[in-house]
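Please examine the sequence and the model shown here before reading the report.

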Amino acid sequence: MVRRWIKTGQAHWIGRDTIQFDRPIGSETQELTLGINAGYKIIGASVTSETQEYYASETNLRTDIVKNLSTKRQYRRSRRNHKTRYRQARFDNRVKSKHKGWLASSIEVKIDNHVQLIRKLIKKLPITNIIVEAGQFDIQNLKNPDITGKEYQEGNQLGFANVREYVLARDHHKCQHCKADGLKGIKLHVRHLVSRKVGGNRPDNLIILCENCHAAYHRGEFELKKAPKGYAPASAMSIMRSTLLDRLINEFGDKVETTFGYLVKEARLTIDLPKTSMTDAFVIAGNLMADRLDFQELRKHVRCHNRQLHKAKFLKGGIRKANQAPREVHGFRLFDKVQVENKNWFVFGRRTSGYFDLRSLTGEKLNKGSYSAKKIKLVHRANSVITQYATIAPTGA
Ligand SMILES: [Zn+2]
Ligand SMILES: [Zn+2]
C-alpha cells in the first residue's frame, strides 16, 4: 500500500523510515476506493477518491447469535436425552466432519453481513477498488525482513513492523517470561535475543517481554535463551478475514485488493488519527489526504423474529416461561423507526404500560428510556438492519 501511495504521488520518503503525504495537485480522478475494516463486532467502511471521502459507516453486528445457537443446542440435547434408550449413531451427520470449508454459522452470518454491505455500496457508488485486510502480518515477507540497498531504505521500518506483528501473534501477545497478557493492557516490548546487528530481525531472534520483565532482564535477573518455536496460529479473526477475501474475489474479481494490519497501523500513526473502525477503513482505502466526511451512517443488525429460543430461561421449579411478548405492543414492533417532535428514534423496549424505551444509534435515550407510546409516530417498520446518519464521531473501535 505504501508503494502505491508513493507511486501515485500521494506521498514521498523523507529520511530512512518516514513517509510524508502530499496533497495531490491536478484534477480529481473518478477512482473511488472502498476500504473495509472487517470485524467480529463492527465493520468500518469508507469510500474515498484522492481528494474526498464520499461515504463512511460503522456497522454493529449481532452478538447474540452464538448464545442463541447454543441455547438451541441445549434444547436439542435435552430433548434427545428425555426418555430415550441409548442407540448407536446410525451415521455421521455432523457438518464439521462433512465439509472442509465448514465455518460456524455465527461466522457465516458475519461474513454475509460484510458482503451485503459491500454489494449495497457498489450499487450506490461507482466504486473501482475494494481494499480489505488479508491479515495482521504478511507471511510472505517474513522470510527476508533484512532487506538491503534501496529496498532497505524504503522498506525496513515497515518490514520490522510486519515481523513485530508476527512475533506478537506467535507469542500470543504474552510476555514470554511471566506470561503477562498484552491484550489485557500490559505493555509489551519486542526484544532481540542477539543484537540486531548480529542476529538480525528474523522472528527466531525476537521474543516478547513485558515492560517489567524487560527491565528485569537488563538488570541481569534472568537469561533468555531461545525464541518460542512454531508459527503464529491462525486466529478465528484471520480465518474470517481470509474467507471474506475469497468470497469477495469470487464475486468482484480484480476490483479486490489487499493490505495488511501492520501497514494500516503504521499509516494511521503517520496521520495521527484515533483508532476507530471508520478511521481504519479510511486508512485502508489509502487516500490519506482526502477530506473526511463529517457525518457517518450508523448501522445496526438486529433480530427481527421473536422466536421461542429467545425466551429460554426456566422459571423457579423448572417451568419454562411461555414466549409471551407479542409481535406488536400498542401497534409498535421492536426496532421500529419512530418520530417524536421531528426527531427519529428506534424502539429498543416496549412495556405494556405504554411507556417505551426509545434510543438513537449514537446511544441517546429519550426521557431516560420511558416515553409514552401515545405521542409516537411510526416512520417505518423494523428491518434486519436499522440505520441512522450522525454528525458526531462514534467511539467504537
Ligand atoms: Zn513479564
Ligand atoms: Zn532491551
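The sections below cover the basis of the values, a set of paired strands, a metal site and one glycine.

## Basis of the values

This is a predicted model, in which local features need pLDDT of at least 70 and side-chain atom pairs count only at pLDDT 80 or more, whereas totals for chains, interfaces and linings use all residues. Residues are numbered from 1 along each chain as its sequence is written, chains are lettered from A and ligands numbered from 1 in the order in which they are written, and side-chain values use heavy atoms, with hydrogens and water left out.

Strand 4 spans residues 42-48, and seven of its seven residues are buried, where buried means under 20% relative accessible area, exposed over 50% and partly exposed in between, with a 1.4 Å probe and protein chains only. Helices (H or I, at least four residues) and strands (E, at least two) are DSSP runs, numbered from the N terminus. Ile-42, Gly-44, Ser-46 and Thr-48 point one way from strand 4, while Ile-43, Ala-45 and Val-47 point the other way, and all are buried.

Two strands are taken to pair if DSSP finds at least two bridges between them. Strand 3 (residues 33-37) pairs with strand 4 in the antiparallel sense over five bridges, and these two strands form a hairpin with four residues between them. On the other hand, strand 4 is joined to strand 5 (residues 53-60) by seven bridges, again in an antiparallel arrangement, and strand 4 and strand 5 also form a hairpin with four residues between them.

## The zinc site

The zinc ion (ligand 2) is coordinated by the NE2 atoms of His-214 and His-218, at 2.0 to 2.1 Å. Donors are N, O and S atoms within 2.8 Å of the metal (3.2 Å for Na, K and Ca), and because water is not among the atoms, sites may look incomplete.

His-214 and His-218 are four residues apart in helix 7 (residues 211-218), so they are separated by about one helical turn. His-214 is buried, with a relative accessible area of 15%, whereas His-218, at 53% relative accessibility, counts as exposed.

## Gly-261

Gly-261 lies in helix 9 (residues 261-271) and counts as buried at 4% relative accessibility. Leaving aside residues up to four places away in sequence, Gly-261 touches Glu-133, Gly-135 and Gln-136, contact meaning heavy atoms within 4.5 Å. Gly-261 and Asn-37 are 224 residues apart in sequence, yet 9.7 Å apart in space, C-alpha to C-alpha.
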